[in-house]
Amino acid sequence: MVKDTRLSTKLWAAANWTLIGFFIVNLFGMIAAVVTSSFATRWLGTWLPAGWTTRWYSAAWAEFQLHDVLLVTFQIVFLVVAISGLIGVPAAYALARRDFPGKKLVMLLFLLPLLVPPITFGIPLATVLYQTGFAGQMSGVVLANLVPTVPFVILVMIPFIEQIDTKIESAARVFGANTFKLFIHVLLPLLMPGILAALLLVLVRTLAMFELTFLTAGPTSQTLVVALYYAVFAAGVRAVQSIDAMAVIYMITTLIWLIIALRFVNPTQIVARAKK
Amino acid sequence: MSTTDLSSIPLKQRLAARGYDGLTLLCVPAILFLLALFIYPFLYGLVLSFEPKQGGMFANYQRFFSDSFLYGTIGTTLWLALPVTIATLLLAIPIAFRVRLMKNQRLLTTILVIPITLGTVLVAQGLLNYLGPQGWFNRVLITAGIISTPVKLLHNYWGVMLSLVITGFPFTFLLTLSYLSGIDPALEQAGATLGAGPWERFKHILFPLLLPGLAITFCLSFVQAFSVFPSAVLLGAPAGPTRVISIAAYQAAFEEYDYSMASAVAMIMGMVQLAIVVVVLAARGMLYRGPAGGGKG
């Protein structure tokens, strides 16, 4: 772009960077406060805690039954990832390759669950799931979480599939591959990066999805984020440090997957794709 | 087919010609799934909201709009969601303009995505530590001599407001940045060649082209902020100043077990969101919507 050396431009740039810096400093300050507190023996009215300990982690592990919670969380998350992949990828393939009357309506159907906030559709959904007996157990939580993730997989996968040349598929057909063989030997390897990216993002989304899980989970089907909410909600009963230790465990589980996901996708591209 | 009579062509081929064949059927499971778990619950909720526990068809809605404890939640939520949306947009626009010029945006965008990933619950817990009277934020301000007593930022309006800005900003920023990247730099360069300064280029070229995208961004951010729930409970004063509409819906459903009333509140929540979105999109319809992508448009 055009180089501008006027003072006002430089001042404006400096102001912008200050703004970015201020946001990032506060963000990391907030995260660091949680981490510091989780290792603190006693932290009242000082800059740093009086001493350091790791006992809050074992305390949190026992107090909040984190072993069970983590097990449930990963069962739910992996079920959601697997099912949304199984339903979403074929649907995305159909939508990327075929044009048919009513396609716009179908696309709208897939766009709505991503645009309507979870708490708005979550309450009627939870009502239906409670009346059919799904809610309160793991299957209900999985079903509720699939509502935004299936469309998410579809919308992320469509551009990925569209960029694969149809001639490759025709060639495979000429050599006698049936649809199943075509899918396993040709499409799947080509689509793998896209599928992986979409499913990793679904994983991160589901780990962090509070509202839908909160509305449909029973005592034995809570995920980590819902357990964390209840712990913060009932703060005062337990030491702040052990809640913070749990928060750190949650943070680590989520961030690991985010970092892995970001190796495959650029966040700006995802948003740019989703808006189409 | 020797004859041109349409009916003699097998149905399968006629359908295939319009785009319906075996492959199209692959999207049927997804459609059925969403009809069953998204559209049906919505319609079910709508019908249920007209079948109150007692009273006539509109009893739930009458109750909502006659009880200030209930209808007041609309105002409370708007009073949170609108300032938050405007604040995140005002933050996001200059930062997106800055980041657009950077060569390596990846690290910054990654840092900015972190709050989305952490989610509202963790941000709430973090802010309880960070913004508290003994937290680092107040300590820094006191040490710097800006304030003499700690600012009260928790369990009131500001706590919810700040947490919404933190969790909402990354999304607004990424959307704005992607819209901005869609504007051809040649347009701005042409302006510069003709002698327009940075402010004039922004005012006359970039901002008008960005405005339709900003309208969409506004809608999406607003809808997210309007459905605030965990942070309003954990960081706000859920009984008073931050009793948002989702708390009213939740209490009706899971504390009073009045699913009919809860559905009515959820429908009202959806209607308010829809109303704001329609207003913004109608205003957007009056804006310039020509090509801005250079070549692609």
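What pLDDT does chain B average, and what share of the residues score at least 70? I looked this up before anything else. Chain B averages 86, and 94% of the residues score at least 70; pLDDT is the predictor's confidence in each residue, from 0 to 100.

I note that this is a predicted model, in which local features need pLDDT of at least 70 and side-chain atom pairs count only at pLDDT 80 or more, while totals for chains, interfaces and linings use all residues. Residues are numbered from 1 along each chain as its sequence is written, and chains are lettered from A and ligands numbered from 1 in the order in which they are written.

**Confidence.** I read ipTM 0.85 and pTM 0.85 for the model. Within chain B, helix α2 (residues 28-49) has the highest confidence, at 94, and helix α1 (residues 11-18) the lowest, at a mean of 78.

**Chain A.** I found 12 helices and zero strands in chain A. Helices (H or I, at least four residues) and strands (E, at least two) are DSSP runs, numbered from the N terminus. The C-alpha trace of chain A spans about 75 × 65 × 35 Å along its principal axes.

**Domains of chain A.** The domain assignment, automatic or from a database, gives domain 1 (1-53) and domain 2 (56-275). Their centres, taken over C-alpha atoms, are separated by 31 Å. Six residues of domain 1 and seven residues of domain 2 make the contact, where two residues count if their C-beta atoms, placed from the backbone, lie within 7 Å. On the domain 1 side I listed three nonpolar, three polar and no charged residues. Ala, Val, Leu, Ile, Met, Phe, Trp, Tyr, Cys and Pro count as nonpolar, Asp, Glu, Lys and Arg as charged, and the others, Gly among them, as polar.

**Chain A against chain B.** I looked up the contact and got 74 residues from chain A and 76 residues from chain B. Helix α1 (residues 7-38) of chain A gives the most to the chain A side, with 13 residues. By class, that side has 57 nonpolar, 11 polar and six charged residues.

**One helix pair.** I then took α1(A) with helix α4 (residues 68-100) of chain B, which pack at an angle of about 115 degrees with axes 10 Å apart. Axes are lines fitted to C-alpha atoms, for helices over the stretch in contact, and angles run from 0 to 180 degrees between N-to-C directions. That makes α1(A) roughly perpendicular to α4(B), a term for angles of 65 to 115 degrees. The contact is made by A13(A), N16(A), L19(A) and I20(A) of α1(A) and L91(B), P94(B), I95(B) and R98(B) of α4(B).

Key. Parallel < 35°, antiparallel > 145°, perpendicular 65-115°, else oblique.
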